[in-house]
Amino acid sequence: MARKITYQQAINEALAQEMRRDTSVFIIGEDVAGGAGAPGAEDAWGGVLGVTKGLYPQFPGRVLDAPLSEIGYVGAAVGAATQGLRPVCELMFVDFAGCCLDQILNQAAKFRYMFGGKAVTPLVMRTMVGAGLRAAAQHSQMLTSLWTHIPGLKVVCPSSPYDAKGLLIQAIRDNDPVIFCEHKLLYSMQGEVPEELYTVPFGEANYLRDGDDITLVTYGRMVHLAMDAAASLARQGIDCEVLDLRTTSPLDEDSILESVEKTGRLVVIDEANPRCSMATDISALVAQKAFAALKGPIEMVTAPHTPVPFSDALEDLYIPTAAKIEAAVHKVMAGRNAA
Amino acid sequence: MSQIHTLTMPKWGLSMTEGRVDAWLVEEGAQINKGDEVLDVETDKISSSVEAPFSGVLRRQIAKPDETLPVGALLAVVVEGEASDADIDQVVQRFQAEFIPGGDGEQDSGPTPQKIDLDGRTLRYFELGQGGTPLVLVHGFGGDLNNWLFNHPSLAAKRRVIALDLPGHGESGKTLQRGDLDELSQTVLALLDHLDIERVHLAGHSMGGAVALNLARLAPSRVHSLSLLASAGLGRDINADYLLGFVEAGNRNALKPQLVQLFSDPGLVTRQMLEDMLKFKRLEGVDSALRQLAQMICENGQQRHDLRAVVEQHPSLLLWGAEDAIIPATHVDGLPAQVKVLPGQGHMLQMEAAEEVNQCLLAFLQSVEQSGR
């Protein structure tokens with residue numbers, strides 16, 4: 001029986017093992033060590049939710065607390081990446097993207113292209129995404145599609161401890177800037193994770209469930225809701241195929257199309273807001289390239305086009321649920337019968 | 001005297017917690033004999049048949065097709081002799097009332113593999129059963145101790161049986177020193193030393209067969225008998241394209257056509273099996289270990305090691321699938337050994353024809369021990 005650890009521990013372990021393996025890897029971010037002014041290793045907090053806990057004393061001088069200025073330390077990380085280091089910077093909440101967007105959008109993402117491949121930017125930006133922590137509109141967004149829109153960035157969204165470790169190691173070794181999106185509500189999730197180093201390749205979706213009736217495409221925390229819905233639907237005689245994208249850029253178009261060509265039906269589940277999202281992107285891909293295979297309309301299960309509400313009751317309504325996924329599947333299945 | 005037996009969901013391998021009933025192979029009311037296949041069960045890793053551990057009449061099918069049940073759950077009631085429906089009802093009721101899925105943390109308290117440090121390298125092994133001359137199971141190229149999941153418990157009914165992960169495989173250390181056959185055989189010997197075992201029966205599958213043969217060559221006094229399944233080291237021919245394809249495959253689509261060659265039923269190669277294999281192949285050090293070992297096994301499309309001369313030194317059993325697409329069954333020709341070629345079977349015969357393989361192995365080991373050699 002392989003060892004079980006949490007998603008959070010898997011990320012911490014990937015960082016520690018890569019820092020041990022490669023001295024050019026370092027961490028920079030707000031409170032990633034102990035918070036400015038902390039006197040020693042004992043009270044090092046290790047990030048706002050403790051993900052980098054324990055690294056500061058293990059790697060002296062390589063876990064750097066930055067002032068509360070994303071424009072400053074993200075810029076510094078981008079610069080360090082162009083000069084031969086492998087920074088893992090932490091944008092505490094993805095909602096703070098606006099404070100460092102130029103550094104990512106106009107600098108890191110463009111260097112390889114604008115310098116004709118002579119510059120590489122092996123930067124990882126870890127960031128917390130997603131709703132459900134009662135953290136209100138400025139600390140709960142799912143901005144994955146914002147990064148996915150930008151050519152030159154790779155965007156990763158692990159859904160399990162195994163993927164979190166393997167994808168983060170891959171991200172650190174990758175020579176392009178990678179936005180690594182960690183879902184807050186997954187940090188405590190347990191799963192089997194090898195103790196050894198390993199990588200999970202980018203652009204390879206994970207089939208979590210085989211089925212012939214309908215394809216559910218999703219990523220991040222929604223993977224687990226899709227699996228719950230699929231289990232319930234299986235009891236009703238509907239076999240869902242569940243695809244976890246793992247990375248939204250690069251996107252595993254082949255697996256999505258291959259699955260829809262088999263099932264003829266698609267529901268895309270995305271925790272993000274619905275406009276210009278992974279949900280619309282994948283729907284468009286399938287409508288364009290697998291239209292002939294479709295036996296019914298494509299359905300999307302997403303958050304509404306509103307900010308994330310602070311009210312508990314409203315936030316619960318905002319986030320997609322397994323019940324909503326099930327309802328969408330029934331709608332698509334009925335579309336076939338009606339036709 | 002009559003006896004009411006309960007047939008329960010088996011536990012295949014370390015990670016199985018539940019199984020899905022695929023189909024019943026025996027009707028209610030039919031007579032079954034010990035070892036008969038009673039129903040098909042599918043897990044997220046593999047599908048196989050559940051065999052009856054006792055004879056009798058299948059009186060009650062409790063599990064329904066498509067039903068997913070935890071390990072240890074009641075599948076059927078088999079009666080030896082006479083029993084009324086009321087008696088059976090009572091047994092079923094009592095079983096269901098007392099059954100706790102996951103059985104008192106069965107996963108935690110049951111036997112688990114051990115990890116030891118042998119000369120600075122981790123070695124994982126898994127021990128079941130006790131008594132008799134121990135039997136050691138050696139898996140093949142790219143495999144691990146789970147390759148024996150359908151064999152290990154049956155073989156261990158009356159004997160200590162040890163399966164291990166060879167270096168570069170499973171959860172053993174991935175770094176090879178020389179990457180030659182001696183290194184693998186010496187690792188098995190080192191495990192025997194560690195466990196204070198003087199003499200063993202050795203069973204090896206594919207490359208593991210060559211490891212066993214080579215161990216017998218290096219340390220003949222440590223080997224009581226050899227059971228060689230689809231073994232390497234007994235002829236020149238080998239499907240070198242398979243070895244290369246397996247090593248090179250980095251994703252599902254590349255790996256699938258390779259793994260399909262191992263089985264007579266290609267349906268056994270599920271996405272889960274591919275995913276598990278990819279998880280192994282992605283571990284740091286595995287790729288270079290596999291490349292080293294592939295070169296050790298095979299040169300210019302032919303096997304390097306000819307260990308045919310070792311066979312006659314020990315009581316030997318050769319088991320092969322007639323349709324083996326990796327190493328041809330014709331390698332048994334002319335060898336002084338007990339030989340059984342199973343029609344229709346492929347390279348992974350210990351998984352696909354588990355029951356037959358187990359019976360052959362048990363009968364062989366018994367005959368070896370009775371003959372007193």
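1. Which residue forms a salt bridge with Asp85(B)? The partner is Arg60(B), and the closest N and O atoms are 3.7 Å apart. Asp85(B) lies in helix α1 (residues 85–98) of chain B and Arg60(B) in strand β6 (residues 56–61) of chain B, so this pair ties together parts that are 25 residues apart in sequence. Asp85(B) counts as partly exposed, at 47% relative accessibility. A salt bridge here is a side-chain nitrogen of Lys or Arg within 4 Å of a carboxyl oxygen of Asp or Glu. Buried means under 20% relative accessible area, exposed over 50%, and partly exposed in between, with a 1.4 Å probe and protein chains only. Helices (H or I, at least four residues) and strands (E, at least two) are DSSP runs numbered from the N terminus.

2. On the basis of the note: this is a predicted model, in which local features need pLDDT of at least 70, side-chain atom pairs count only at pLDDT 80 or more, and totals for chains, interfaces and linings use all residues. Residues are numbered from 1 along each chain as its sequence is written, chains are lettered from A and ligands numbered from 1 in the order in which they are written, and side-chain values use heavy atoms, with hydrogens and water left out.

3. Salt bridges overall. The whole structure holds 44 salt bridges over all chains. Side chains of opposite charge can pair when their charged atoms come close. One of the pairs is Arg21(A) with Glu18(A), at 2.9 Å between the closest N and O atoms. Both residues sit in helix α1 (residues 7–21) of chain A, three residues apart, about one turn of the helix. Arg21(A) is partly exposed at 42% relative accessibility, whereas Glu18(A) is buried at 0% relative accessible area.

4. A buried pair in chain B. Glu275(B) and Arg252(B) meet in a salt bridge at 3.9 Å, N to O. The pair links distant parts of the chain, with Glu275(B) in helix α8 (residues 271–281) of chain B and Arg252(B) in helix α7 (residues 252–260) of chain B, 23 residues apart. Both Glu275(B) and Arg252(B) are buried. They belong to a network of salt bridges that also links Asp163(A), Glu204(A), Arg246(A) and Arg282(B).

5. The interface of chain B and chain A. About 1600 Å² is buried between the two chains, 39% of it on carbon and sulfur atoms. Buried area is the accessible area (1.4 Å probe) that two parts lose on being put together, summed over both. The contact (heavy atoms within 4.5 Å) takes 19 residues from chain B and 24 residues from chain A.

6. Six salt bridges are found across it. In one salt bridge, Glu196(A) pairs with Lys174(B), with the closest N and O atoms 2.5 Å apart. Helices α7 and α8 of chain B each supply at least two residues of the side of chain B that touches chain A. The largest share of that side, four residues, comes from α8(B). By class, the side of chain B that touches chain A has four nonpolar, six polar and nine charged residues. Ala, Val, Leu, Ile, Met, Phe, Trp, Tyr, Cys and Pro count as nonpolar, Asp, Glu, Lys and Arg as charged, and the others, Gly among them, as polar.

7. An enclosed strand. Five of the five residues of strand β13 (residues 266–270) of chain A are buried, so the strand is largely enclosed by the rest of the structure. Leu266(A), Val268(A) and Asp270(A) point one way from β13(A), and Val267(A) and Ile269(A) the other way. Strand β10 (residues 214–218) of chain A runs parallel to β13(A), joined by three bridges; two strands pair if DSSP finds at least two bridges between them. Val217(A) has Val268(A) as its bridge partner in β13(A). Four bridges join β13(A) to strand β14 (residues 299–302) of chain A, again parallel. There, Val267(A) stands opposite Glu299(A) in β14(A).

8. Helix α9 of chain A. In α9(A) (residues 253–263), the buried residues include Ser255(A), Ile256(A), Leu257(A) and Val260(A). Their cover includes β10 and β13 of chain A, together with α7 of chain B. Gly264(A) follows α9(A), with a positive phi near 80°.
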